[in-house]
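Have a look at the model first, then read on.

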Amino acid sequence: MTAGWVVVAGLGPGADTMVTPEVSAAIAQATDIVGYIPYVARIAPREGLTLHASDNRVELDRAAHALHMAASGARVVIVSSGDPGVFAMASALFEALEAAPQYLNTDIRILPGITAMLAAAAAAGAPLGHDFACINLSDNLKPFDLLARRIRLCAQADLAMAYYNPRSASRPDTFGKVLDILRTECAPHTLITFARAVSTPDQRIETVTLDMARDDMADMRTVVLVGNSATRKLGRFVYTPRKAL
Ligand code: SAH
């Protein structure tokens with residue numbers, strides 16, 4: 001029996017051309033793929049490969065399952081969208097490992113991917129060309145007060161911001177409240193880019209000023225890029241100059 005391993009791999013934002021060669025190579029060598037249903041659906045089935053698709057809220061079980069299978073010789077790839085270290089499975093794997101230290105000697109590798117905000121920024125121009133912050137608007141694992149404080153402080157520091165998980169059926173109000181915070185901290189002409197389903201056939205990129213932004217412009221397939229005070233439009237592009245105002 002060959003030695004098992006666990007790879008946590010990022011599949012990028014959607015397009016096959018944005019999957020890195022090292023991620024493709026790991027998938028080609030895998031015996032088992034573990035992950036959230038829509039991400040596992042991106043893996044082509046083949047003989048000798050078992051696909052284990054699971055629901056969204058079971059990250060820790062999924063990670064423990066991967067460690068357990070690797071201990072019996074399986075070559076497991078845990079798939080995430082984008083980059084596995086950005087609000088995804090890499091931290092979940094280490095949380096599971098901390099809870100199950102008997103697996104500490106497992107051969108584990110984290111393979112990076114193109115995260116949504118970088119694919120979105122490239123599609124829009126260069127809105128993240130100066131300092132920026134990357135924030136998860138999901139309050140599943142974080143109280144709203146902490147989220148609100150971080151957004152307020154980032155806005156006061158004139159950081160551009162990228163928001164992941166802006167809106168879901170279970171949290172319909174969060175993004176509207178975030179827009180209200182931005183309206184108290186930023187100028188009305190601050191540019192906001194809504195980048196939906198980037199790199200897929202459904203891609204839609206729309207840039208509006210803060211005073212025109214509405215919470216229903218975002219959904220769970222959208223990453224939201226908020227400019228700093230220097231972010232501007234140039235033809236069809238949005239960019240942030242490298243120099244602070
Ligand atoms: N690990 C992923 C993020 C997972 S959280 C990454 O690095 O990209 C899921 C959130 O990512 C979504 O709610 C959305 O905000 C963002 N996202 C993922 N893929 C996207 C895409 N193709 N276009 C726009 N946003 C995307």
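Predicted model: local features only at pLDDT ≥ 70, side-chain atom pairs only at ≥ 80, totals over all residues.

## Where the ligand sits

So which pocket holds the ligand? The ligand sits in the largest pocket. Both domain 1 (5-114) and domain 2 (117-239) give residues to the shell around the ligand, so the ligand lies between them.

That shell comes to 19 residues, with Asp83, Val86, Thr115, Met220 and Thr222 the closest. Sorted by class, the shell has 12 nonpolar residues, 5 polar ones and 2 charged ones.

## Polar contacts and burial

Now for the backbone. Asp83, one of the closest residues, places a polar backbone atom 2.8 Å from an oxygen atom of the ligand. Val86 is also among the closest, and a backbone N or O atom of Val86 lies 2.8 Å from a ligand nitrogen atom. For Ala197, a polar backbone atom is 3.4 Å from a nitrogen atom of the ligand.

How much of the ligand's exposed area does the protein bury? Taken alone, the ligand exposes 540 Å², and the protein buries 92% of that.

Methods: Residues numbered from 1 in each chain as written. Heavy atoms only, no water. Near = heavy atom within 4 Å. Polar contact = N/O pair within 3.5 Å; in protein donor to acceptor, adjacent residues only side chain to side chain. Areas by Shrake-Rupley, 256 points an atom, 1.4 Å probe, with all protein chains shown as cover. 1 Å grid on protein atoms, 1.4 Å probe; cavity = no way out; pocket = protein on both sides within 12 Å on 5 of 7 lines; lining within 4 Å. Sits in = over half its atoms within 2 Å of the grid points. Nonpolar A, V, L, I, M, F, W, Y, C, P; charged D, E, K, R; others polar. Domains from an automatic or database assignment.
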